[in-house]
Amino acid sequence: MAAMAALPPGPLSPPGGGAADAAGPEGAEGLFVLLGAGLAAASHPLLYVKLLVQVGHEPLPPTIGRNVLGRKVLYLPGFFTYARHIVEVDGKRGLFRGLTPRLISSTLSTITRGSVKKVKAFPLEDMEHVSNKDDVKTSLRKVVRETSHEMMMQCVSRVVSHPLHVISMRCMVQFVGREVKYSGVFSAIGRIFKEEGILGFFVGLVPHVLGDVIFLWCCNLLAHFINTYAVDDNFSQASVIRSYTKFVMGIAVSMLTYPFLLVGDLMAVNNCGLRAGLPPYAPAFASWIHCWRYLSAQGQLFRGSSLLFRRAPVPASFPMD
C-alpha cells in the first residue's frame with residue numbers, strides 16, 4: 001500500500017492501452033485528467049494519514065501485539081485506526097482536508113505532461129520504441145532516449161504542479177495544531193507569497209525532482225536489463241513477463257527512493273508557522289540536505305513508508321514479558 005503511494009505519476013501504467021488509445025489525443029488527455037483526479041480523490045485519505053505519520057504526529061498510544069515468532073512487540077496505529085481517529089475529530093469530510101489543491105496539482109501535472117509530449121524538441125511520434133529484434137546496443141540506446149523523454153515530462157510537470165502540492169501539504173498538517181492558517185487555495189497563495197516570496201512555492205522541490213529522476217532511470221534500466229538478460233525468449237510467457245517487468249520494478253525502486261519523497265514533504269511544511277513544522281516535531285531545517293542528515297541520524301528516513309504494521313521503538317524501561 002505504501003509503496004504504491006510513493007510511485008511518481010505517469011511512467012508505470014500497466015500495458016494494454018485501452019479506451020484512451022481509441023479516443024484520440026484530445027479525448028485521451030481529457031480522460032487522463034478525469035482518471036488522475038479520480039485516483040487522487042480516492043487515495044487522498046491514504047496520503048493524508050501518511051503525511052501525518054511523516055511529520056511525526058502520533059495522537060494514539062501504541063498497543064502490544066505479537067510478531068510472527070510470537071514475541072511481544074509494540075505496534076503504532078495502522079492506517080484504518082488512524083483514519084478512524086481523524087473521523088472522530090473532524091468527521092468523514094476531515095479525511096479529505098487539502099483535497100482541492102491536490103486535485104488542481106494533479107490536473108496541472110497531467111495537462112503539462114500532455115503538453116510536453118507535443119513539444120517539437122521531443123516529438124513522441126518520432127520516438128523509437130524498443131523491439132525484440134534490436135541488438136543490445138541499439139535497444140539500450142532506445143531505452144536511454146525514452147527515459148530522457150520521460151524525465152523531461154516528469155520534471156516539467158513536477159515544477160508546474162509543485163506550488164499546489166505545497167499548499168495541499170500545509171492544509172493537511174493543520175490537523176496537528178488545529179490551525180486554520182491555510183483555509184483556501186487563493187488565500188494560501190497570497191499568504192505564502194507575502195511571507196516567503198516566490199521561493200516559498202518551491203520548498204521541497206529539489207528532493208522530489210531528484211527522487212523522480214533516480215526512480216525513472218533505475219526503473220527503466222533495471223527493467224531493460226532483466227528483459228534482455230534474465231527472460232528467456234524460449235519461454236512461452238516471455239512477452240507477458242516483459243510487459244510487466246517495468247511495473248514491478250517500479251514498486252521495488254519506489255521504496256529505495258522513498259527518503260526523497262519524505263524529505264520533500266517535510267520541507268514543504270517546515271518552519272511555515274504551523275505546529276507540524278516546528279519543534280518538537282522537527283527543527284527549522286536550513287536545507288533539504290540538513291533535513292536528510294537529521295532524519296538519517298534519527299533512523300527515520302523511511303518514516304511513513306508502511307501504514308499497516310508500524311513497529312514502535314521500545315523504551316528501555318518498558319516491560320515486554
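# Structural briefing: backbone, strands and enclosed space

R178 is partly exposed, with a relative accessible area of 44%; here buried means under 20% relative accessible area, exposed over 50% and partly exposed in between, with a 1.4 Å probe and protein chains only. The model is predicted, and local features need pLDDT of at least 70, side-chain atom pairs count only at pLDDT 80 or more, and totals for chains, interfaces and linings use all residues. Residues are numbered from 1 along each chain as its sequence is written, and side-chain values use heavy atoms, with hydrogens and water left out.

**Backbone geometry in the loops**

- R178 lies in the loop between helix 6 and helix 7 (185–196), where helices (H or I, at least four residues) and strands (E, at least two) are DSSP runs numbered from the N terminus.
- Although R178 is not a glycine, its phi is positive, at about 55°.
- N271, also not a glycine, has a positive phi of about 55°; this residue is partly exposed, at 47% relative accessible area.
- The loop between helix 10 and helix 11 holds N271, and P280 is placed in the loop between helix 10 (258–269) and helix 11 (288–298).
- P279 and P280 are joined by a cis peptide bond, with omega of about 10°.
- Most residues other than glycine have a negative phi, and most peptide bonds are trans.

**T147 in helix 6**

- T147 belongs to helix 6, which covers residues 136–177, and counts as buried because its relative accessibility is 0%.
- A polar atom of the T147 side chain lies 2.8 Å from the backbone oxygen of V143.
- The side chains of T147 and N220 are joined by a polar contact of 2.9 Å. Such a contact is a pair of N or O atoms within 3.5 Å; within protein, one must be able to donate a hydrogen and the other to accept it, and residues adjacent in sequence count only if both atoms are side-chain atoms.
- Leaving aside residues up to four places away in sequence, T147 touches L216, W217 and N220, contact being heavy atoms within 4.5 Å.

**Strand pairing**

- Strand 1 (residues 63–66) pairs with strand 2 in the antiparallel sense over 4 bridges; two strands pair if DSSP finds at least two bridges between them.
- V73 in strand 2 is the bridge partner of G65.
- These two strands form a hairpin with 5 residues between them, and G70 in the turn has a positive phi of about 85°.
- Strand 2 also pairs with strand 3 (residues 310–311), antiparallel over 2 bridges; Y75 stands opposite R311 in strand 3.
- Strand 2 (residues 72–76) is mostly covered, as 4 of its 5 residues are buried.

**Pocket and cavity**

- The second largest pocket holds about 350 Å³ of space; its lining has 16 residues, of which L76, Q300, R303, R310 and R311 lie nearest its centre.
- That lining divides into 6 nonpolar, 6 polar and 4 charged residues.
- The whole structure contains 1 cavity of 30 Å³ or more, and the largest cavity holds about 60 Å³.
- Residues lining the largest cavity include V55, L266, Y281, F285 and R303; its lining comprises 7 nonpolar, 2 polar and 1 charged.
- On a 1 Å grid over the protein atoms alone, a cavity is a set of points where a 1.4 Å probe fits but cannot get out, and a pocket is an open set with protein on both sides within 12 Å along at least five of seven lines; lining residues have an atom within 4 Å of a point.

Definitions and conventions: Grid points are joined across faces, edges and corners, and a volume is the space filled by probe spheres set on the points. Ala, Val, Leu, Ile, Met, Phe, Trp, Tyr, Cys and Pro count as nonpolar, Asp, Glu, Lys and Arg as charged, and the others, Gly among them, as polar.
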